[in-house]
Amino acid sequence: MNQPAPIKYTKKDFTSSKDVKWCPGCGDYAILATVQKTMADLGRPKEKQVVVSGIGCSSRFPVYMDTHGFHTIHGRAPTVATGLRVARPDLDVWMVTGDGDGLSIGGNHLMHAVRRNVEMVVLLFNNRIYGLTKGQYSPTSEQNKVTKSTPYGSVDAPLNPLLFALAAGATFVARTWDTNPRHMDAVFKAARQHKGLSLVEIWQNCVIFNDGAFDNVVDREVKEERLVELEEGKPIVFGKDKSKCLVLDGLDVVVRDTALTDPAKILVHNPRSQSPTLAMALAQLSFPDAPTPMGILRQVERPTYDGDVNEQAAQVLKDRGPGNMDKLLRGSASWKIETDEVFEDAWKPFVSKKK
Amino acid sequence: MVDTQQIQIEGAVVRFVGDSGDGMQLTGTQFTDTSAIAGNDISTFPDFPAEIRAPAGTPAGVSGFQVNFAASAVEAPGDQPDILVAMNPAAYKMNIEDLKTGGVLIVNSDNFSDIDLRKAGYETNPLEDNPMVGEKFQLISVPMTALVEEALKELDMKPVHKRRCKNFFALGLMYWMFDRTLEYTEAWILKKFGGKDVLEQANIKALRAGYNYGDTAEIFTRRYKVKSTPMPAGTYRQITGNSATAYGLVAAGVKSGLNVVYSTYPITPASDILHDLSKLKNFGVKTVQAEDEIAACGVALGASYGGSLGVTASSGPGICLKAEFVGLAAMTELPLVIVDVQRGGPSTGLPTKTEQSDLMLTLFGRNGECPVPVIAASTPVDCFHAVLEAARIAVEYMTPVYFLSDGFIANSSDLWNVPAFADLPGIKQVFYTGEDGKPYKPYERDPETLARKWVTPGTPKLQNTLTGLEKNEKGDISYDGKNHALMCGLRKDKIAAIAKSYGPTKILGAQSGKVLVLAWGGTYGHIVSAVKELQKEGASISYVHLRHINPLPLDLEEIIGNFDTVVVPEINLGQLVQVIRAKYAIDAQSVTQIMGKPFKVADLVTAFRKFL
């Protein structure tokens, strides 16, 4: 199918008139601005962009977008987005969720949306804390975290969002972070253009309840050594002067000195590999044992649920022709009674008459 | 030679009972079809265990199918069978108490061996030295298994497969007893197997063997003839409540011009609606089997948001889970139909048994001030019309609507004089696209219905965000107290205004008098039978059966005022009665039963008599 020519938009076309009510300094502002820019750059019809969200700070997102939007209930946005895509495959669905909304109360729905590969972009704002309820630990909070609900430290083990998505069969998995609009924009664009469910984890700083949660990796001073930006087809190297690299040692991905490593042994990033094994290995890397990977970990094609539902319906329609209501109601085992006798109406409490 | 006497009767109640693997549901359905085609009115009551295949021969695995057929109008499946066909001792044990005094018990005597008796918990054969035999009922023992094996001896089949045809033998015997032809069932067997399977021949042979056994065995002193019922001209079929619900939803889609997105999670006794609808994709129906009950409701609501008619369905436990989404649908004022095929509760309760105990849940089971229309079907056929009405209200008033069915009417069947589709009421539906050029306010209301305009995503220039937060007319989030009071009031008034769209309430009997029976839901057939019986005696008793429980009909208060006593019969511990007491401040009387079964007409007659 021919892609229609992109429509010329500016970021302002996607900015609603509503006052943004996030805390000053919240990472959400940068994400909002980037998504508005991404949508403008992509030039897809504005009225076809729909933002569906759950509950939480990040889920206020659609209110601030001048698009159609649905701010639903806690954790259930994937279900509404799925229904929307089943009903309206012509719409571009963007789903906004957080670590609590998407991975705790709504973990089940997110898993099934990923498994079904419903075509939508899932922006998962991960700030590793419950913000809107004022500071309890979340399913991505590190163990031993002291919060309002865990004064002696949290004993919960955290969930890795990317590994979760990959295990559920995700076809597009990426990670980016709120202080790098250039990186976010590139990831969002690729996510939107992917045919299937694109899950993007966004490291997002909560300035009030978990300030600096990602500084030890993304801070300007340290990031060169502590994160690695994945690029398709390129060897995975990082650090000052690309002095470090990733290689496969048995079943483990490990860090080596680039200078001391056979260049042929250095892992070349291939997000399009059908096997999710390496993507899963990369998803498990994190500072301090290894650099935290940023960018697209996996990007493969697989039929979408919404596409198949509609294709199947179209095929049945083609094979069987449009349904005939009278035939359906009569069914296959009906019989006729012909008589001139007139009957008094037996008492029926409800008689439907044509209006 | 025994002289078989043929007796003309008005009608009869026959119950087939056996192991859940014995094919009793099929046998009952075939017998019902043949009776209906022969020109009798019918009403059926299938009753099966929650266990798919409980250990064979045990009381836990007993499955039954009762049919009431007669030469005059039949409203209910009958309190007690005149004829009980029991395929094993467990089936005998679980059903013999129900057999009418003077009735006939037919058993497969080959299944009454010591081991069969032990499985049913008997130490000795209950048919031997039983004072009830001959006194309370007539016993006819037929060695069905041996007779079937003999009839099929030339067929190349395993003996175990031959024995499985014994339900057709029993069916053939009953056809002989009621002087029916085998034509319909034979045609059905031929269609099912299409000449490809030895089972085709086997089942036909077993059916004929049963029929011929009646003719030749010389143990039957009576056979019966039920005259055909004079019925208005039309096309007739048999239909269950669940199928009628499915077809009603398809009809709603076509009448409103909307695609139907039916999204559910499997649950007894609602799943058959999904099974029916999943075949009807060429009618603009899409079905989704969601990951859970909540998701099922969310998918349906997402589809409604996109401009389809979103429908979800469940039974009590699943309905509990959907409550938050129903609140969101009410708050964002989107159409949604929630089908609740009620079963025995609380919690997992009695999955395959009927009950009317979700009324309060559907009326009030949400946070906040959140009125939702509640519509209940009265009979299997009425499921079709009532769910169409539920969809009309959902679309025309932009609201979630609960549609209540129950395990009894969902699985039972009625004879249906099929309406012409063109004669059914329409559903008014318009998407707003800003054609009047006025500034768009998402919660601006139609002055008459108070419904907001339906704008779907994809509509240019009308971008807006729906939210479960309180908002003002413009759709902006607002926590202002006065605005909240205004919006709560408007949402309440909108639901109340629906009552203006009903026709006048029908009363069976005099417009005033001593007793008004006021009921709702699947109890209609039994109650109407009881009320008519008392009316024949000249009792001052009238009957109103509600389809709309929220909002209640506007003329109900006046009707109630014309009677000394209002009696509310329900299969629960008294739910509608509380609504009536609260709404009209009257001392309404409650008649209830909660045994997982429909009322018995005789019990209702006794109960109503106390108020006369």
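Helices (H or I, at least four residues) and strands (E, at least two) are DSSP runs, numbered from the N terminus. This is a predicted model, in which local features need pLDDT of at least 70 and side-chain atom pairs count only at pLDDT 80 or more, while totals for chains, interfaces and linings use all residues. Residues are numbered from 1 along each chain as its sequence is written, chains are lettered from A and ligands numbered from 1 in the order in which they are written, and side-chain values use heavy atoms, with hydrogens and water left out.

**Stop 1: chain A**

Select chain A, which holds 11 helices and 12 strands. Its C-alpha atoms fill a box of roughly 100 × 45 × 45 Å along the principal axes. Of the 355 residues in chain A, 53% are buried; buried means under 20% relative accessible area, exposed over 50%, and partly exposed in between (1.4 Å probe, protein chains only). Contact means heavy atoms within 4.5 Å. Among contacts in chain A between residues at least 6 apart in sequence, 66% join residues at least 24 apart.

**Stop 2**

Select Asp92(A), found in strand β3 (residues 92–98) of chain A. Asp92(A) counts as buried because its relative accessible area is 9%, and buried means under 20%. Its side chain makes a polar contact with the side chain of Arg44(A), at 2.6 Å. A polar contact is a pair of N or O atoms within 3.5 Å; within protein, one must be able to donate a hydrogen and the other to accept it, and residues adjacent in sequence count only if both atoms are side-chain atoms. Leaving aside neighbours within four places in sequence, Asp92(A) is in contact with Arg44(A), Lys48(A), Gln49(A), Val50(A) and Arg192(A).

Next, select Pro288(A), in the loop between α9 (277–283) and β11 (292–299) of chain A. Pro288(A) counts as exposed because its relative accessibility is 62%.

**Stop 3: where chain B meets chain A**

Show both chains. Here 87 residues of chain B are in contact with 67 residues of chain A. The area buried between the chains is about 6,400 Å², of which carbon and sulfur atoms give 63%. Buried area is the accessible area (1.4 Å probe) that two parts lose on being put together, summed over both. In chain B, Asn282(B), Glu291(B) and Gln463(B) lose the most area to chain A, together 11% of what that side buries.

The count between the two chains is 2 salt bridges, a salt bridge being a side-chain nitrogen of Lys or Arg within 4 Å of a carboxyl oxygen of Asp or Glu. Select Asp476(B) and Lys18(A), which form a salt bridge whose closest N and O atoms are 3.3 Å apart. There are also 28 residue pairs in polar contact between chain B and chain A (both at pLDDT 80 or more). Helix α11 (residues 293–305) of chain B gives the most to the side that touches chain A, with 8 residues.

**Stop 4: the domains of chain B**

Colour chain B by domain: domain 1 (5–226), domain 2 (238–423) and domain 3 (513–609). These bounds come from an automatic or database domain assignment. The centres of domain 2 and domain 3 of chain B, taken over C-alpha atoms, are separated by 25 Å. In chain B, 29 residues of domain 2 are in contact with 23 residues of domain 3. Domain 2 and domain 3 of chain B bury about 2,000 Å² between them, 62% of it on carbon and sulfur atoms. Select Gln356(B), Leu359(B) and Met360(B), which supply 30% of the area that domain 2 of chain B buries against domain 3 of chain B, more than any other three residues.

The count between domain 2 and domain 3 of chain B is 1 salt bridge. Asp382(B) forms a salt bridge with Arg547(B), with the closest N and O atoms 2.5 Å apart.

**Stop 5: the nonpolar cores**

A nonpolar core is a set of buried Ala, Val, Leu, Ile, Met, Phe, Trp, Tyr and Cys residues joined through side-chain atoms within 4.5 Å. The largest has 155 residues, and Val337(B) and Phe403(B) have the most contacts inside it. Its largest share, 11 residues, comes from helix α14 (residues 382–397) of chain B. This core draws at least three residues from each of domain 2 (238–423) and domain 3 (513–609) of chain B.

Finally, select Phe403(B). Not counting residues up to four places away in sequence, Phe403(B) touches residues including Val337(B), Ile375(B) and Cys383(B).
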